[in-house]
Amino acid sequence: MNRMNPNVRIAVVAVIVIFFDQVTKFLVYNYLGFAEDKVIFDGFFKLVHWGNTGAAWSMFRGNNRVLTLVALGALIVLVRTRHHFDMHTLGGQVSLGLIFGGIMGNLIDRVRVKHVIDILYFYVNRRDGQEAGFPAFNVADSAICIGVGLLFILSWQSDGSRQVSPSLGSQ
């Protein structure tokens, strides 16, 4: 993988993300009925089969068609401007692959089933018996968050390693 073209490396990571995202959603889709859940660790984690027609944390709920276009537009812009993001480094290539694969995984859902399938739900049981949980998510969502976080870290590291020459600082 060391001699691989940066664009190919990005594509390989994206395909791996799409594969795992779609396989996990397929398994949940076929194992649980819609809006059902299966407790894995009581008071902590459930597998769920929930639909999200909105964006992150169900914001803009009911706007699947618009969000499909927004995601497609974002993907096109990111692909066309990828050279502005640390794509010359392995970390940059991995982060872009994670982001592209995550966007594509959720786009597949939006087109195929008209909503994003969320499958992972972490929660705690409150004293009153109600659940307090983090919004449900999926492999694609995780890949996007990890990819964006990695890009921030890489950007921060490369900004910190650049030094201003003394002659530029005095002008």
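A patch here is built from residues with over 30% relative accessible area and no salt bridge, joining like charges within 9 Å and nonpolar side chains (Val, Leu, Ile, Met, Phe, Trp, Tyr) within 5 Å. A salt bridge is a side-chain nitrogen of Lys or Arg within 4 Å of a carboxyl oxygen of Asp or Glu. Accessible areas come from the Shrake-Rupley method with a 1.4 Å probe, and for residues only the protein chains shown count as cover.

This is a predicted model, in which local features need pLDDT of at least 70, side-chain atom pairs count only at pLDDT 80 or more, and totals for chains, interfaces and linings use all residues. Residues are numbered from 1 along each chain as its sequence is written, and side-chain values use heavy atoms, leaving out hydrogens and water.

On confidence: pLDDT is the predictor's confidence in each residue, from 0 to 100. The chain average is 88, and 89% of the residues score at least 70. Over residues 162-171 pLDDT stays under 50, and the model has one contact beyond four places in sequence for them; contact means heavy atoms within 4.5 Å. Where pLDDT is low, predicted coordinates should not be read in detail.

Now the surface. I16, F19, F20, V23, F26 and L27 form a nonpolar patch with about 600 Å² of accessible area together. I16 sits in helix α1, residues 6-31; helices (H or I, at least four residues) and strands (E, at least two) are DSSP runs, numbered from the N terminus.

Next, the charged pairs. How many salt bridges are there by this rule? The count is five. D21 and K25 form one at 2.8 Å, N to O. They are four residues apart in helix α1, so about one helical turn separates them. Both D21 and K25 are buried, that is, under 20% relative accessible area, with exposed over 50% and partly exposed in between (1.4 Å probe, protein chains only). A network of salt bridges links D21, K25 and D109.

K46 is buried, at 9% relative accessibility. D37 pairs with K46, with closest N and O atoms 3.8 Å apart, and E131 pairs with K46 at 2.6 Å. E131 is in strand β4 (residues 131-133) and K46 in strand β2 (residues 45-52), so this pair ties together parts 85 residues apart in sequence.

Last, H115, in the loop between α3 (90-112) and β3 (116-125). H115 counts as buried because its relative accessibility is 14%.
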